[in-house]
Amino acid sequence: MARNMKSSTCTAPVNIAVIKYWGKRDEELILPTNSSLSVTLGQDQLRAKTTVAIDPSFTEDRMWLNGKEQSMKSARLRNVLREIRNKVRKRKADDETLSWKVHICSENNFPTAAGLASSAAGYACLVFTLSKLFHVDGDISSIARQGSGSACRSVYGGFVKWVMGTQKDGADSIAVQVAPASHWPELRTLILVVSDQKKHTSSTEGMQTTVNTSQLFPRRLLGMEEKMEQMEKSINEKDFHSFAELTMKDSNQLHSVCLDTYPPISYMKDVSHQIVRMVHCLNSICERNIVAYTFDAGPNACLYLLEKDVPRVLSLVTTFFPPKDNNMEKFIQGLPVDVL
Ligand code: 2P0
């Protein structure tokens with residue numbers, strides 16, 4: 001190792017939104033059209049791991065993702081590095097490390113770009129690692145946001161909201177922890193990996209086509225603040241029935257505006273719809289919601305449920321959707337945790 005080299009390694013988990021982010025009002029600064037709320041998952045199952053090294057002998061910024069060198073032309077990557085260096089400059093204008101180039105090495109322990117929030121974990125991890133390496137204090141969620149919107153929520157553990165903010169420069173578009181994971185320790189997640197193939201339409205592209213073409217989309221935005229309030233209330237009161245209903249309805253609405261997009265975007269597959277039917281059947285038999293589904297920009301289901309109901313739900317899932325049969329790849333069980 002070179003004499004002056006400094007390095008730092010960190011991990012960051014994915015988050016799965018229960019009130020979804022879909023649409024930007026400013027594409028450059030990554031400012032959303034609505035606030036969103038998510039649960040940060042445990043690091044054992046789905047996480048990004050990043051090492052950043054700086055050294056005066058490095059001649060250029062370089063990055064490797066899952067072993068493959070990436071282009072540093074990405075505006076988002078450059079923005080994130082610029083923001084971190086700006087923070088260092090504000091603290092000490094002549095800090096010698098400002099001129100040192102970075103080498104970034106990142107890997108995910110799950111499929112990248114398959115609708116499993118890989119960019120959220122990836123950018124949260126990168127920004128957190130950079131902040132450790134350069135000793136940057138204070139809120140870093142607004143920097144992670146400029147890498148990938150949903151990444152700002154992975155900076156905190158437990159239940160996290162991304163407040164959309166109103167300022168033009170995005171200074172108030174930050175992530176805030178609603179409650180730590182310890183607030184609701186019985187909550188569990190079960191991720192049903194229907195497909196780990198790369199998605200056909202990226203979230204970034206898909207959401208802007210929705211903003212530009214969907215007639216239902218403005219109607220969705222009208223109800224978002226009320227939904228956020230209801231969701232926070234259900235989390236504060238640990239009211240699973242209401243938490244589940246709000247979660248499922250928001251997922252359904254997101255996929256409805258995707259279908260209303262022109263040309264339409266369809267992320268869910270037949271198996272995804274079968275999972276939806278199974279969940280509603282089970283909830284109906286139980287006469288209350290014991291499990292909730294939510295789908296991101298892909299066909300994989302994230303189920304939320306309480307610890308006591310895991311055996312019952314898992315046995316049903318494995319009966320109806322045996323792994324490697326019915327196109328189901330695998331299951332990942334997890335629980336929310338506090339991170340970073
Ligand atoms: C969410 N998704 O709230 C929603 C639900 C996908 C569906 O945030 O363009 O990868 O990088 O800001 O963060 C995925 O969007 O998009 C996403 P960019 P991002 O989790």
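Let me start with the ligand: domain 1 (6–181) and domain 2 (187–334) both contribute residues to the shell around it, so it lies between them. The domain bounds come from an automatic or database domain assignment.

Two notes on conventions. Residues are numbered from 1 along each chain, as its sequence is written. This is a predicted model, so local features need pLDDT of at least 70, side-chain atom pairs count only at pLDDT 80 or more, and totals for chains, interfaces and linings use all residues.

Now the shell. There are 15 residues around the ligand, and Ala 17, Ser 148, Gly 149, Ser 150 and Thr 204 come nearest. A residue is near a molecule if its C-beta atom, placed from the backbone, lies within 6 Å of it. Helix H2 (118–133) and helix H4 (203–213) are the elements giving two or more residues to that shell. By class, the shell has 6 nonpolar, 7 polar and 2 charged residues. For the classes, Ala, Val, Leu, Ile, Met, Phe, Trp, Tyr, Cys and Pro are nonpolar, Asp, Glu, Lys and Arg are charged, and the others, Gly among them, are polar.

Next, the whole chain. It has 9 helices and 15 strands. These are DSSP runs, numbered from the N terminus: H or I of at least four residues for helices, E of at least two for strands. The radius of gyration is 20 Å, close to the 20 Å that the globule rule gives for 340 residues, so the chain is as compact as a globular protein of that length. That radius is taken over C-alpha atoms, and the rule is 2.2 Å times the number of residues to the power 0.38. Along the principal axes, the C-alpha atoms fill a box of roughly 65 × 40 × 40 Å.

Back to the domains. Their centres, over C-alpha atoms, are separated by 25 Å. How many residues are in contact across the two? 26 residues of domain 1 are in contact with 34 residues of domain 2. Contact here puts C-beta atoms, placed from the backbone, within 7 Å. On the domain 1 side, strand S2 (15–19), strand S10 (159–162) and strand S11 (175–179) each give two or more residues. S2 has the largest share, 3 residues. That side divides into 15 nonpolar, 7 polar and 4 charged residues.

The axes of H6 (residues 224–236) and H7 (residues 240–260) come within 9 Å and cross at roughly 145 degrees. Axes are lines fitted to C-alpha atoms over the stretch in contact, with angles from 0 to 180 degrees between N-to-C directions. From H6, Lys 227, Gln 230, Met 231, Ser 234 and Ile 235 meet Ser 242, Phe 243, Leu 246 and Asp 250 in H7. The contact residues divide into 4 nonpolar, 3 polar and 2 charged.

Last, two backbone details. The peptide bond from Tyr 262 to Pro 263 is cis, with omega near -5 degrees. Pro 263 sits in the loop between H7 and helix H8 (270–286). Ile 30 is not a glycine, yet has a positive phi of about 55 degrees. Its loop runs between strand S3 (24–26) and strand S4 (31–32).

Terms used:
Two residues are in contact if their C-beta atoms, placed from the backbone, lie within 7 Å.
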